[in-house]
Amino acid sequence: MLAFLSGLGKRARGRGRSWHPYLVAVGPGIVAATAGNDVGGIATYSSVGARYGYELIWMMLLTGLALVVVQEQCARLGAVTGKGLSDLVREQFGPRWTVIAMLGFLVANGGVIVTEFVGIAAAAELFGISRFVAVPAMAALVWWLIVYGNYRRVERLFLGLALVSLAYPASAIWGQPDWGAVLAHAVVPTVRFDPDYVLLFVATVGTTISPYMQMYQQDAVVEKGFTVDDLRFARVDVIVGCAFSIFVAICIIVATASTIHAASGGAGVEISSAEQAARALVPLVGPYASYLFAAGIFGASMLAAGVLPLATARSVCEAFGFERGVERDLHEAPIFYGILSILIAGGAIVALLPGIPVIRLLIVVQAVNCLILPILLTFIARMSGDRRLVGVHASGPALGAASWVVTIVIGGLALTVLGSSLHAAVTG
Amino acid sequence: MAEMLVTPLRALNVAQTVGAPVAGRADEDIGRLHDVVARVLEPGDELFPPLTGLVVRLGGRGSHLVFVPWEAVRELGPGGVRLASSRLDLRPFTRRDGELLVVGDVLDKQVVDVDGRRLVRVNDVQLAPDPRVPGGWRVAAADISVGSFLARVVPRWLVPAVHHRFPPNVVISWDQVEFFAADVPGVKLRVDHANLARMHPADVADLIAELGYRHAGEVLAVLDDERAADVVESLPSEVQAAVLTALDDEKAGDILDEMEKDIAADILADLSQDEARDLLDAMEPAEAADVTRLLAHGRDTAGGLMSTEYVTIPANATIRNAIKRLRAADSVPDEIPYLYVVDREPDGRLVGTVTLRNLLISVPRTTMAEIMSPDLIVLTPEMTREEVAEEFTHYDLVAMPVVDADMRLLGIVTIDDAIDVLLPKGWHPRIPRVFHR
């Protein structure tokens, strides 16, 4: 599989834009991949580490490769056509498939938005603030900032807070993990067949390769003005971003494995609260772990709680041809603002439903992402291999095969989890 | 608004007709309707393109696409197509210059609603009989209504119910539609974007920025250089460079010639050295030299902000001379906040400024030295944008000269170049989209 990775950059043309403006601005690939480590990602990776120790590290590496394959296609589609993902789906596949794709986006992203408010609730409670105060207040703030304020101005603050996830690599090292075991599990796959394992496995794929990341990747490439000439940079950006994101994800697994999983004496525990998940940071900051953890997930959740509804509403309106964008007023773009508001309000309300098992919900949402993914990946693989659409930049045999392998494997995973939960529903 | 409530007599919706059966003269089954071909080649065609034929997917063995000229079509209706002849040219369909495929090129694409100055997506295309040519049909309107979209989603038997609940009544007359040929590589279409050429450059920029660099390039290629330059100046900075690289170097150079030089320099700074050099080579030597000089300075310094469009006058010149020189000049800047008075020409030092007001109210014989204001407030090229903004607010000026250590004039910074810093970020006149920066 490494062979095609090294071939990724080859087709890029010699001429390209000077890189320094991008290095300052951080490319879309890096942002998209980092966004994968949001509250849902942290919860999923923590659960993996706490429950199964280092056992699943091998699959993180494979998932990372799959992520590169998927994101590269979107970057390429965006740079070559100058069009966003939903725009292309509509033009290439017509109204019926567009409806399916957009419903997929709405369900997947709607679910992720719920998790962001769950994250806000969890962070608030670690600071001793009631979720019934924090979630409505933050939902209102996010809505107000998008509609009347300027989200971009506060985005950096949240982005800064979200960088707390960088504490995990440090914590992973401080925790003195068994490096031999880490390496062994990175190379030797361990597979189990209990339903919890399948669910966590699928959730990990779903959070690492979420539908919104493809949407974001392609739209951002278009909006930042990448052209065919910038393909080489776009690809490097994707690879660096994915590598970094997977590195952080593995560190989260290692950090939780060497603390929570090790403390259970190797039996493995299911994480059921944010407080518990925060213990992975104890080696680094001791008693302040829960505050650091809370600040981190608060930042990541606020960032995504603003960006996701906005991007989803824009994307859906683009596919159907409704007016969109915060430059328009409520009167000009009622559907855009309607979708935006429902996503935010709905996310906040679901997150406040009494008695929901927090960590479980976060994981199930990621698994739902994985169910929707095969549909989108099929569109993406077909378009990126279509010579009529992208001409000489269509996927060659290696990339084409890789894109279909990824699509089919993820499709298989989706069917497995569907079958497994149906089975559980019938028998249990 | 271009939206109107119309139910043209015998209008035909393309999306509802595509896929319908095509029958020969003797009612025998030939195939299914695949696309409708219109001509966009001769002047006037783009207003309401006339249909020239159909693309039919042959049924049975060797299923492929063939072209059926309009003369061979006896009847075109929602129920299907009846041909006047059973003989077909069986060569596979290949498109030629000037041929627009209504389904392939327009349906589901984004087009500009010129009257509404907005982007819309085409849910269906209406064809109508040509009132002047018996038997002829033309592309009449783009249907953007929700009903037409839903009618294509639901099964056919539900279409009447959908139309009843959501009437397909939002249509844009085709002469108010601007569609794009950028998605049709290798085929020449007459798309002069005359409607866009009449719109305000800032509105054009808003529209094409949302359509991506290929469409933006297509529009700029047909606009005249000066207008194209205005459009590029109004584009979000992220896409300016992308759009220029989508054009051929010659056109890009012509547009850069017409642009404000500080913006042109910013764009070239975004490009690779090779690309920047190609574009500089394509520019007029004098304009290119101005840009090159600006490129030497940092983008966010006074040197990077400054414009090289200003007027200098020797101190001993009279007002009469000054005005004569302005009239005779090849190019006079759009805005002349001040005339800059130098002690000698060429290569003199800056000694004062003269406002147009003083020029107007003084006697023609007066020399510049007499009416100029000798109290110079100057910027140096390395001052930061923030420092420049501070100077502007402090001294309440509309333009300030940038000078070197010997007081030689390098350029001027006008208040609108410094205004980005003065305004709170959220007020930035061009509000970019979600993911910028």
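1. Contacts in chain A first: among those with a separation of 6 or more, 86% join residues 24 or more positions apart. A contact here is two residues whose C-beta atoms, placed from the backbone, lie within 7 Å. Bear in mind that this is a predicted model, where local features need pLDDT of at least 70, side-chain atom pairs count only at pLDDT 80 or more, and totals for chains, interfaces and linings use all residues. For bookkeeping, residues are numbered from 1 along each chain as its sequence is written, while chains are lettered from A and ligands numbered from 1 in the order in which they are written.

2. Chain A has 20 helices and zero strands (DSSP runs numbered from the N terminus: H or I of at least four residues for helices, E of at least two for strands). Its radius of gyration is 21 Å, close to the 22 Å from the globule rule for 428 residues, so chain A is as compact as a globular protein of that length. The radius is taken over C-alpha atoms, and the rule is 2.2 Å times the number of residues to the power 0.38. Along the principal axes, the C-alpha atoms of chain A fill a box of roughly 60 × 50 × 50 Å.

3. Of the 428 residues in chain A, 58% are buried. Buried takes 20 or more other C-beta atoms within 10 Å of the residue's own; exposed is 12 or fewer, and partly exposed is in between.

4. Now chain B. Its domain assignment, automatic or from a database, gives domain 1 (3-178), domain 2 (194-296) and domain 3 (311-422). Six residues of domain 1 of chain B are in contact with seven of domain 2 of chain B. On the domain 1 side, those residues divide into three nonpolar, one polar and two charged. The centres of the two domains, over C-alpha atoms, are 37 Å apart.

5. Have a look at Val22(B), which sits in strand β3 (residues 21-23) of chain B. Val22(B) counts as buried because it has 23 C-beta neighbours inside 10 Å. Beyond four places in sequence, Val22(B) touches several residues, including Ile30(B), Val56(B) and Leu83(B).

6. On confidence, pLDDT (the predictor's confidence in each residue, from 0 to 100) averages 83 in chain B, with 93% of the residues at 70 or above. Two stretches of chain B stay under 50: residues 1-8 and residues 425-437. Where pLDDT is low, the predicted coordinates should not be read in detail. For the complex, the predictor gives an ipTM of 0.82 and a pTM of 0.81.

Conventions:
Nonpolar A, V, L, I, M, F, W, Y, C, P; charged D, E, K, R; others polar.
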